[in-house]
Amino acid sequence: MIIWPAKDPDEVADYSWTPTLDAGDTIASHTVTKDTGDVVKDSDAHTDSKVTVCLSGGTVGVSTFPLRNTTVGGRPFETAAQISVAD
């Protein structure tokens, strides 16, 4: 599991995940969903090598986001990210 730095409830910030890719392989597709908590996923995107998620809102507590992507070479990657909201 990835532990992202805590955020303030009023903050809107980008968080990213860079999976370990084979040489020459790139990310072909990704999905980011919210599993628990009330942090809002405003948007998500990927480049050839990382997935970026823009998060906002939330109340004090923890939110988790399953992260999945598939590479051009056909390798699937799955993990989860956790973010805490603190005053």
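Me: Before anything else, what makes two strands count as paired here?
Reply: Two strands pair if DSSP finds at least two bridges between them. Please note that this model is predicted.

Me: Good. Which residue of β5 is the bridge partner of D14?
Reply: D14 has C54 of β5 as its bridge partner. β2 and β5 pair in the antiparallel sense, over five bridges.

Me: And the faces of β2, which residues are on the covered one and which on the uncovered one?
Reply: A13, Y15 and W17 make up the covered face of β2, while D14 and S16 make up the uncovered one. In a regular strand, side chains alternate between the two faces of the sheet.

Me: New topic: what is the strand order in the open sheet of four strands?
Reply: The order is β1-β7-β6-β3, and the pairing is mixed. β1 (2-3) and β3 are the edge strands, each pairing on one side only.

Me: In what sense do β1 and β7 pair, parallel or antiparallel?
Reply: Their pairing is parallel, over two bridges. Within β7, Q82 is the bridge partner of I3.

Me: What about the largest nonpolar core, how many residues has it?
Reply: It has 17 residues, and W4, L55, F65, L67 and I83 have the most contacts inside it. Two or more residues each come from β2 (13-17), β3 (27-32), β5 (51-56), β6 (61-71) and β7 (76-85).

Me: Which of them gives the most?
Reply: β7 does, with four residues.

Me: Then F65, what does it touch?
Reply: Leaving aside residues up to four places away in sequence, F65 touches several residues, including W4, V32, V39, L55, A80 and I83. Among its other contacts are K34, D35 and K41.

Terms used: Residues numbered from 1 in each chain as written. Predicted model: local features only at pLDDT ≥ 70, side-chain atom pairs only at ≥ 80, totals over all residues. Heavy atoms only, no water. Core = buried A, V, L, I, M, F, W, Y, C linked by side-chain atoms within 4.5 Å. Buried < 20%, exposed > 50% of the residue type's maximum accessible area, 1.4 Å probe, protein only. Contact = heavy atoms within 4.5 Å.
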